[in-house]
Amino acid sequence: MDLQIFLLLGQDGVTNGAIYALLALALVLIFAVTRIIFIPQGEFVAYGALTLASLQAGKIPGTVWLLLALGLVVIVLDGVQMLREGRYGKLPSLLIFNLGWPLLCAAVLFALPPGDLPLALQVLLSLLLVVPMGPMVYRVAYQPLAGASVLVLLIVSVAVHVAMIGLGLLFFGAEGSRTPAFTEVSFELAGAPLQGQTLLVVAASAALIAGLYFFFERTLYGKALRATAMNRTGARLMGIAPTLAGKLCFTLAAAIGVFSGILIAPITTIYYDSGFLIGLKGFVGAIIGGLASYPVAALGALLVGLLESYSSFWASAYKEVIVFTMIIPVLLWRSLTTRHVEEEEE
Amino acid sequence: MSHVIPSHLHDHEVILDVRDLRVAYGKVEALHGVSLSIRRGEIATVIGPNGAGKTTLLSALMGLLPASGEIVYMGHAQGREREVEALVRQGMTLVPEKRELFAEMSVEDNLLLGAFDRYRTGHRDHLETLDEVFEWFPRLEERRGQLAGTLSGGERQMLAMGRALMAKPKLLMLDEPSLGLAPLIIKEIFRIIGELKKTGVAILLVEQNARAALQIADVGYVLETGEVTLSGPSGELAADPRVVEAYLGFGKKH
């Protein structure tokens with residue numbers, strides 16, 4: 001292996017690692033706040049990428065129907081409760097978010113030929129279509145079980161994952177899609193070509209991580225999420241409802257997922273089920289961080305990206321095996337160095 | 001025992017009126033028909049031994065435990081579905097026995113989160129409220145950048161109270177504020193509680209330290225094994241031989 005290949009592989013690894021890092025952060029966030037191991041995180045990546053690909057192909061993405069359907073289910077669930085309790089004041093916002101919004105998106109899609117829109121608008125539209133599904137999925141699948149054990153929540157996650165994969169196949173078909181690159185710019189670094197797209201992915205990931213840092217350190221809503229992760233009873237006494245925290249972090253996680261999907265869509269061919277493996281690699285990063293530490297999770301995910309890239313050169317048939325085997329020494333090391341703490345039952 | 005309210009307070013607005021409150025853990029009933037009432041600018045104290053149900057009473061009032069009975073808060077009868085967050089919005093706050101601070105956050109962030117619900121509902125006066133809280137507890141201002149988990153016991157209690165005051169409560173419920181604190185700090189905390197009532201907040205103080213609690217309270221309730229056995233103006237209670245013998249023990253050692 002010469003320097004040129006080394007650099008090329010490194011570039012690949014850092015690009016993928018940046019995406020895994022974003023997903024690892026989302027997984028740590030959701031676990032810290034809600035105790036949910038969010039397996040469907042990867043599906044948001046695939047949905048984001050494939051929704052963008054559909055728009056670029058000039059088709060109406062099937063995700064708009066899912067958005068409408070989920071919105072209706074949320075309205076039925078929450079609306080019945082609100083009517084029963086006589087809280088009519090909250091009905092308008094419920095209807096606007098869960099019915100008005102999806103209908104507006106659908107109207108835009110049918111009014112404007114999506115294929116002719118500028119790329120930036122297509123990206124925006126993909127985000128607007130898929131991100132609201134995050135809090136909706138939370139409301140429909142997790143909120144009724146918010147107090148359940150980690151294992152029950154994990155089982156729900158598996159179910160949501162399977163359902164989303166199936167719907168993905170229905171909406172996007174079995175063929176993979178790849179979107180055109182955002183930029184054709186290319187540089188040269190020590191004799192190896194450096195793709196503009198790579199730089200874009202790394203820069204966008206870094207910007208998003210900086211934005212998340214700002215959100216958690218500087219805004220009251222970010223602090224409220226951290227507070228919920230630290231002490232749920234204390235947070236409730238401050239008026240921070242667990243459902244508010246749950247919806248907020250699912251919105252963030254969905255946004256991170258869709259954003260990642262849009263970033264990698266020009267680099268890799270994405271199939272309806274590609275999200276799972278991508279999400280799982282983010283999960284390996286999150287495990288390295290013990291599902292608790294954001295910086296360690298991000299670094300772990302970067303390591304996963306590099307390991308995957310170099311192992312695809314030396315032992316490409318085994319690259320997934322190598323990446324996932326990495327969990328074993330990490331878990332061994334963690335279980336030997338961490339004192340066991342009984343999980344607090346609520 | 002019926003609840004006795006001193007007549008001179010009748011012109012004050014009733015903040016909380018509880019009748020026949022019952023709370024059960026499974027089949028075991030922990031509170032058997034407790035009644036009490038608190039007015040604006042008044043301190044009511046609930047004293048009693050360990051395990052009498054004092055913390056259960058506060059948890060039930062705050063909506064953390066399901067309860068049956070009649071709870072009228074600010075003139076509105078409460079339904080069966082009482083949610084903590086809804087009560088916080090209506091100005092009810094609880095400083096729990098365990099304090100429930102956000103240990104890995106700074107003192108200032110803990111305080112700011114106390115104003116979260118006001119911030120969420122569009123009140124952007126949290127920085128002024130923060131200054132007011134720092135006036136009550138100058139110690140917290142000195143420690144504003146320090147992590148809450150590194151504070152001493154007394155400072156933690158001050159932080160928990162300061163955080164509750166950030167919500168500008170109408171009813172402040174304090175669960176054993178003297179628990180585990182040094183005598184000098186207890187004195188300071190009780191002095192502040194006594195002064196807080198001038199702001200018009202109604203305070204429900206649950207204490208094992210009966211002497212200190214009856215000194216600053218207007219009315220008192222004695223809670224024993226889930227029932228109110230005595231109640232009345234705190235001056236009368238403090239003079240009642242039964243209270244003296246069981247909780248104040250002037251000169252008598254058991």
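The following legends describe close-up views of a predicted model. Local features need pLDDT of at least 70, side-chain atom pairs count only at pLDDT 80 or more, and totals for chains, interfaces and linings use all residues. Residues are numbered from 1 along each chain as written, chains are lettered from A, and side-chain values use heavy atoms without hydrogens and water.

View 1. A:Thr63 counts as buried because its relative accessibility is 0% (buried, under 20%; exposed, over 50%; partly exposed in between; 1.4 Å probe, protein chains only). Leaving aside residues up to four places away in sequence, A:Thr63 touches A:Tyr47, A:Thr51, A:Val130, A:Met133, A:Phe171 and A:Phe172 (contact, heavy atoms within 4.5 Å).

**View 2. Packing of H8(A) against H11(A).** The axes of H8(A) and helix H11 (residues 242-264) come within 10 Å and cross at roughly 170° (lines fitted to C-alpha atoms over the stretch in contact, with angles from 0 to 180 degrees between N-to-C directions). H8(A) is therefore roughly antiparallel to H11(A), a term for angles over 145 degrees. By class, this contact has 11 nonpolar, 2 polar and no charged residues (nonpolar: Ala, Val, Leu, Ile, Met, Phe, Trp, Tyr, Cys and Pro; charged: Asp, Glu, Lys and Arg; polar: the others, Gly among them). Among the residues that meet are A:Leu208 and A:Phe215 in H8(A) and A:Leu252 and A:Phe259 in H11(A).

**View 3. The largest cavity.** The search of the whole structure finds 1 cavity of 30 Å³ or more (on a 1 Å grid over the protein atoms alone, points where a 1.4 Å probe fits but cannot get out; lining residues have an atom within 4 Å of a point). The largest cavity has a volume of about 40 Å³, the space filled by probe spheres set on grid points joined across faces, edges and corners. Its lining includes A:Leu237 and A:Met238 as well as B:Val88, B:Leu94 and B:Arg163. Strand E6 (92-95) and helix H7 (153-165) of chain B each give two or more residues to the lining of the largest cavity. That lining has 6 nonpolar, 2 polar and 1 charged residues.

**View 4. Helix H1 of chain B.** H1(B) is followed by B:Gly63, whose phi is positive, near 85°.

Terms used
Helix = DSSP H or I, 4+ residues; strand = E, 2+ residues; numbered from the N terminus. Parallel < 35°, antiparallel > 145°, perpendicular 65-115°, else oblique. 1 Å grid on protein atoms, 1.4 Å probe; cavity = no way out; pocket = protein on both sides within 12 Å on 5 of 7 lines; lining within 4 Å.
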